[in-house]
Amino acid sequence: MSGAARRIWGLVYRHVCVYRRSWPRLVEIAYWPTLELLIWGFTANFLSQGFHAGPAALTGTALIAGVLLWEIVLRAQIGVTFSFLEEIWSRNLGHLFVSPLRPAELVAALLAVSVIRTWIGLLPAIIIAFLLYHYDLFAPGPVMVLFFLNLLVMGWWVALAIVSLLFRYGAGAEALAWTIAFGITPFACVFYPVSSLPGWLQPVALALPASHVFEGLRALLLHARVDWAQFTAAAALNVVWALAACAVFAGEFHRARVRGALISIGE
Amino acid sequence: MEALRVEHLVKRYPQALAVDDLSFTLARGRILGLLGGNGAGKTTTISMLLGMLLPSAGRIFALGHDMARDRFAALARMNFSSPYIALPARLSVRENLQVYGHLYNVARLGRRIGELAERFRLAGLLDRPAGDLSAGQKTRVALAKAFLNQPELLLLDEPTASLDPDMGDYVRTALEEYRRETGAAILLASHNMAEVERLCDEVLMMKQGRVADRGAPAALIARYGRDNMEEVFLHIARNEAL
């Protein structure tokens with residue numbers, strides 16, 4: 001294993017050690033996605049009651065797919081920020097920042113942990129959706145992987161922006177880790193098309209990769225066609241936002257080293 | 001051969017000048033004591049030496065690497081211990097050492113952990129969560145972490161804080177042996193003046209961010225006409241003029 005890969009694995013292993021001996025933490029990861037799915041799954045069932053096909057049944061399916069896919073963004077974001085906060089809470093950042101671990105490797109490790117957490121969180125919900133609502137998330141085929149990736153990347157850049165805020169404002173900005181992604185939800189158009197938003201809000205929604213993913217998802221479910229234009233727009237926006245988030249992260253990390261915030265970040 | 005060279009180091013915050021024109025060198029195989037009262041600038045200096053804090057001016061060369069440009073090459077050959085920075089409490093001692101062994105790319109990690117467990121009397125604690133240990137045991141684990149990569153430059157902040165006299169003496173002996181065996185350089189910040197007298201070849205007395213005086217402990221004791229370093233420390237700390 002190369003030096004960089006070993007350092008990244010070292011930090012991933014640190015989080016794996018915590019989860020492998022703490023079942024409450026594992027339950028907590030899966031709790032909210034499962035709860036969300038149950039609420040929206042039964043709502044979808046109610047809305048499509050008596051309809052075995054047609055728009056009502058498809059709307060129910062889109063609702064369940066939306067819940068599951070939006071959870072990817074939320075879990076990916078929380079996976080990164082929670083793991084970073086874990087280092088703050090355990091007062092371990094001082095040791096990490098004076099080790100040979102590069103900031104980019106720190107980020108890579110946090111992203112890897114978020115992938116693990118996202119799957120742990122989503123897998124029970126995906127299985128329940130299949131068993132309870134007969135909804136197979138993977139039925140549309142490999143194109144779903146592209147949707148997954150776009151949403152995962154969006155969760156990551158939102159998380160990087162939040163970690164940057166933690167560098168700037170310290171643990172006092174902790175509440176943002178739990179609320180920012182939820183605040184984006186109305187503009188991500190998870191359950192309704194962008195056109196249903198007021199005109200002045202539509203540019204905000206269109207600037208988010210998620211709104212394009214969900215437009216594409218609805219096209220796939222309702223019209224059985226892959227809308228590559230929406231996918232391309234989502235991917236391009238993700239690249240732009242991710243580059244911006246990396247720049248903000250690098251800038252705030254540098255400013256934290258100037259201000260001495262790395263020493264007192266937990267206070 | 002220098003392990004550490006500091007040139008005209010300054011750290012200026014909006015409200016305070018924390019370190020003011022600090023220069024010194026630390027040769028390989030030597031132990032330098034960094035002394036001073038609270039707020040003298042020791043922690044700020046150590047943070048800059050470790051690359052965690054950027055200086056406002058001045059340069060730091062650690063093991064030949066310019067810390068402003070190439071700090072990771074130096075950090076891989078350095079290490080640090082402080083009782084004020086914790087290790088993850090939910091991980092066992094062994095897991096903590098494994099994590100840092102990976103971060104420092106330590107070869108034959110299992111064997112190295114075994115050696116350090118023996119050196120710092122941690123064998124019976126390896127599988128206990130770090131958070132369940134006493135303050136003294138945590139200090140020993142932090143020291144084991146600091147020795148993992150066999151550092152050529154070791155920065156120690158209060159290395160024997162919380163240790164009982166027996167363990168404190170044991171650790172001081174371990175530091176002397178490590179320096180003798182490896183030729184490592186050690187920078188030691190301590191408020192334990194007996195420890196400073198025993199271990200340090202030279203001390204820097206800091207006050208208000210500046211060097212108030214420097215020299216070998218015996219030379220300082222003679223210069224101030226005192227009986228020990230404790231009295232020298234008190235004299236410098238209570239004397240207003242630098």
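A cavity, on a 1 Å grid over the protein atoms alone, is a set of points where a 1.4 Å probe fits but cannot get out. This is a predicted model, in which local features need pLDDT of at least 70 and side-chain atom pairs pLDDT 80 or more, while totals for chains, interfaces and linings use all residues. Residues are numbered from 1 along each chain as its sequence is written, chains are lettered from A in the order in which they are written, and side-chain values use heavy atoms, leaving out hydrogens and water.

View 1. Search the whole structure and you find 1 cavity of 30 Å³ or more. At least two lining residues come from each of α4 (93-97) and α5 (103-133) of chain A and α2 of chain B; helices here are DSSP runs of H or I, at least four residues, numbered from the N terminus. By class, that's 7 nonpolar, no polar and 2 charged residues (Ala, Val, Leu, Ile, Met, Phe, Trp, Tyr, Cys and Pro are nonpolar; Asp, Glu, Lys and Arg are charged; the others, Gly among them, are polar).

**View 2. Where chain B meets chain A.** The contact (heavy atoms within 4.5 Å) takes in 34 residues of chain B and 35 residues of chain A. Together they bury about 3,200 Å², 58% of it on carbon and sulfur atoms; buried area is the accessible area (1.4 Å probe) lost on putting two parts together, summed over both.

**View 3. A salt bridge between the chains.** Arg21(A) pairs up with Glu95(B), with the closest N and O atoms 2.9 Å apart. A salt bridge puts a side-chain nitrogen of Lys or Arg within 4 Å of a carboxyl oxygen of Asp or Glu. The two chains share 3 salt bridges. On chain B's side of the contact, α2 (71-75) and α3 (93-103) are the elements giving two or more residues. Of these, α3(B) gives the most, with 7 residues, and the side as a whole has 22 nonpolar, 7 polar and 5 charged residues.

**View 4. The second largest pocket.** A pocket is an open set of points with protein on both sides within 12 Å along at least five of seven lines. This one has a volume of about 300 Å³. Of its 18 lining residues, the closest to the centre are Pro83(B), Ile85(B), Ala86(B), Leu87(B) and Lys138(B). Helix α5 (residues 135-147) of chain B gives the most to the lining, with 5 residues.

Key
On a 1 Å grid over the protein atoms alone, a cavity is a set of points where a 1.4 Å probe fits but cannot get out, and a pocket is an open set with protein on both sides within 12 Å along at least five of seven lines; lining residues have an atom within 4 Å of a point. Grid points are joined across faces, edges and corners, and a volume is the space filled by probe spheres set on the points.
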